[in-house]
Amino acid sequence: MFGFGKKKTKEPKKETTEEVVLTAERKEVLLRTISIKKEDVNQTSGEEQAKIYEEIGLAFNELGDEDNAIDSLEKSIQAKKSLGNGYKTLLKLYNKKRAEAAKVNNEELLQIYLKKMDEMMQVSKEVTRGVR
């Protein structure tokens, strides 16, 4: 009557992989933004520099250039520890790289990205606690 004790049939989860296609105009805007921001980054320091590195990293990520995105986002976190979009994107990139390393059984690379993810968790704890 009520269905207690009956096993429910679960529907398999559908994987949603949305491929975002960059238009030529958007790609050009991103490349121009990266170029301008790279010139600006050396003329600033501290929080402003962190913000610029984050913008560069997010632009590289949108272009699909993961290695340059990681490099810029790491510089952003080093300049100022924060939990914004750059932090989230960097964590996702590390997790993706870790998964790729696990897939090809590259233990050394796997450990590198696991360590980087641990460091990101430490940043999260420090920011949450207010440690500078």
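Tutor: Buried means under 20% relative accessible area, exposed means over 50%, and partly exposed lies in between. Keep in mind that this is a predicted model.

Student: What makes Lys116 partly exposed?

Tutor: Its relative accessible area is 23%.

Student: Which residues do salt bridges with shared partners join into one network?

Tutor: Glu66, Asp67, Lys96 and Lys97.

Student: Why is the Lys97 and Glu66 pair called a salt bridge?

Tutor: The closest N and O atoms are 3.8 Å apart. The limit is within 4 Å, so the pair counts. Lys97 lies in helix H4 and Glu66 in helix H3 (residues 66-79), so the bridge ties together parts 31 residues apart in sequence.

Student: Why is Lys97 called buried?

Tutor: Lys97 has 14% relative accessibility. Buried means under 20%, so the label holds. Glu66 is buried as well. Leaving aside neighbours within four places in sequence, Lys97 contacts Glu66, Asp67, Ile70 and Tyr113.

Student: What makes Tyr113 buried?

Tutor: Its relative accessibility is 12%. That value falls under 20%, so Tyr113 is buried. Tyr113 lies in helix H5 (residues 107-129). Not counting residues up to four places away, Tyr113 touches Ile70, Tyr94, Lys97 and Arg98. The C-alpha atoms of Tyr113 and Tyr94 are separated by 5.9 Å, though the two residues are 19 apart along the chain.

Student: What makes Arg26 and Glu62 a salt bridge?

Tutor: The closest N and O atoms are 2.8 Å apart. The limit is within 4 Å, so the pair qualifies. Arg26 is in helix H1 (residues 24-41) and Glu62 in helix H2 (residues 46-63), so the bridge ties parts 36 residues apart in sequence. Arg26 is partly exposed at 35%, and Glu62 is partly exposed at 37%.

Student: How many salt bridges, helices and strands are there?

Tutor: The structure holds ten salt bridges. The chain has five helices and zero strands.

Student: Where does UniProt place the TPR repeat?

Tutor: The unreviewed entry puts it at residues 50-83. Over that stretch the chain is 82% helix and 0% strand.

How values were computed: Residues numbered from 1 in each chain as written. Predicted model: local features only at pLDDT ≥ 70, side-chain atom pairs only at ≥ 80, totals over all residues. Heavy atoms only, no water. UniProt positions renumbered as here; feature names shortened; annotations may be inferred. Helix = DSSP H or I, 4+ residues; strand = E, 2+ residues; numbered from the N terminus. Buried < 20%, exposed > 50% of the residue type's maximum accessible area, 1.4 Å probe, protein only. Contact = heavy atoms within 4.5 Å. Salt bridge = Lys/Arg side-chain N within 4 Å of Asp/Glu carboxyl O.
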